Amino acid sequence: MSDAPGEQGSNSEGATGSALPTDRRREVIRQAWSVGIASGTYGISFGALAVAAGLSLWQSQLLSVLMFTGGSQFAFVSIIGTGGLSAAPAAIATASMLGIRNGLYGLQTSRFLGVTGIRRVVAAQLTIDESTAVGIAQPELRAQRLGFWQTGLAVFVLWNLSTLAGALLGNAFGDPRTLGLDAAAAAAFVALLWPRLRSRDATATAVLAMFIALVTSPVLPAGVPVILAAVAALVVGLRRPGRHEGPLEGADGTLPGSDPTP
Amino acid sequence: MTLWVAVVVASVASLLIKLAGYLVPETLLAGERTSRVTTLLPVALLAALVVVQTVVGPGGSIVLDARIAAVGVAVVLLLLRANFLVIVLAAGATAALLRAIGWG
């Protein structure tokens with residue numbers, strides 16, 4: 001696929017990073033797995049909330065294996081939890097819209113990964129906030145690839161293991177309401193939203209979206225108010241230039257405006 | 001639609017969206033307005049989900065109960081830069097405690 005800008009055609013081999021000095025290699029792997037441990041373990045709250053929302057253990061596990069993107073997974077189970085099966089189309093639509101950012105990350109990561117065929121599908125599945133951030137934060141091509149793959153793998157393994165643990169815990173619990181799991185889900189969304197409120201536009205979007213959800217919830221079927229609230233992003237985003245977040249930049253495992261789960 | 005179908009459809013859609021980033025020419029998505037909207041889209045959806053999960057009750061009615069106190073605790077912990085799991089656990093515990101003493 002496309003060559004990484006500024007790199008001289010050295011990206012024809014695999015992503016093992018064999019040309020990387022041992023200390024750099026160790027450094028990138030350490031960074032990848034510390035990010036993986038930090039984010040991956042949040043799967044425990046996802047697993048518990050998923051079974052509380054009425055999913056089976058295997059359904060929650062499939063979401064972590066195949067959907068594998070935190071915000072979308074939380075949104076999906078929340079809407080199913082409040083609206084039941086009739087809200088499934090809204091749950092699918094909301095989860096998909098929240099996953100669009102991963103597609104945008106793919107535009108960046110595909111430049112340095114140089115993957116084709118089945119490796120491209122695997123790379124796409126591992127394209128999440130963390131793997132993108134660690135990958136593009138590295139100065140050298142081989143470290144970018146190593147950082148992306150190691151972080152993607154670390155988050156995937158830990159997110160799935162902790163989802164299983166959370167689902168088992170959730171099944172052992174009694175009534176989700178008595179245990180405050182509905183409030184825990186609300187807090188999870190607040191924590192996912194919080195780091196994104198970095199600009200005046202983002203805050204304006206959030207306020208407008210909350211207003212839309214508040215006003216339409218009593219009159220529309222469950223799940224629909226959330227989709228309708230997407231209009232807030234259109235209204236604010238198309239209004240005028242300026243005061244929005246800068247382009248995608250990698251730091252130490254965080255993206256500007258990304259949330260704390262995969 | 002069974003729940004299994006919904007889970008599989010949503011999951012496959014998520015993978016296809018990720019894959020699109022590797023297959024779609026970048027120029028198609030490179031516009032400044034497009035990138036602004038896509039940056040704000042998760043903000044809008046997550047903000048709406050906060051409202052629905054915090055104050056919407058059965059049948060879409062607006063209900064003020066233990067959840068709103070729990071979200072208050074979550075906001076305080078976010079201001080204190082607490083860990084995600086700590087925030088979620090503390091919010092759940094707050095609601096459980098309030099309900100145990102008979103409120104919300």
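Reader: How are α1(A) and α9(A) oriented to each other: roughly parallel or roughly perpendicular?
Author: In this predicted model, α1 (residues 22–40) and α9 (residues 141–172) of chain A pack at an angle of about 30°, with their axes 8 Å apart. Angles under 35 degrees count as roughly parallel. The two helices, α1(A) and α9(A), are therefore roughly parallel to each other.

Reader: Which helix of chain B do the buried residues of α11(A) pack against?
Author: Let's start with the helix itself: α11(A) has 17 residues and reaches 24 Å from its first C-alpha to its last. Its buried residues include Leu208(A), Met210(A) and Ile212(A). Within chain A they pack against α10, α12 and α13, and from chain B the partner is α2.

Reader: How many residues does α2(B) give to the side of chain B that touches chain A?
Author: Overall, 62 residues of chain B are in contact with 86 residues of chain A. On the chain B side, α1, α2, α3 and α4 each supply at least two residues. By class, that side has 44 nonpolar, 11 polar and seven charged residues. The largest share comes from α2(B), with 21 residues.

Notes. Residues are numbered from 1 along each chain as its sequence is written. Chains are lettered from A and ligands numbered from 1 in the order in which they are written. This is a predicted model: local features need pLDDT of at least 70, side-chain atom pairs count only at pLDDT 80 or more; totals for chains, interfaces and linings use all residues. Two residues are in contact if their C-beta atoms, placed from the backbone, lie within 7 Å. Helices (H or I, at least four residues) and strands (E, at least two) are DSSP runs, numbered from the N terminus. Ala, Val, Leu, Ile, Met, Phe, Trp, Tyr, Cys and Pro count as nonpolar, Asp, Glu, Lys and Arg as charged, and the others, Gly among them, as polar. The expected span of a helix is 1.5 Å times one less than its number of residues. A residue is buried if 20 or more other C-beta atoms lie within 10 Å of its own, exposed if 12 or fewer, and partly exposed in between; C-beta atoms are placed from the backbone. Axes are lines fitted to C-alpha atoms, for helices over the stretch in contact, and angles run from 0 to 180 degrees between N-to-C directions. Angles under 35 degrees count as roughly parallel, over 145 as roughly antiparallel, 65 to 115 as roughly perpendicular and the rest as oblique.
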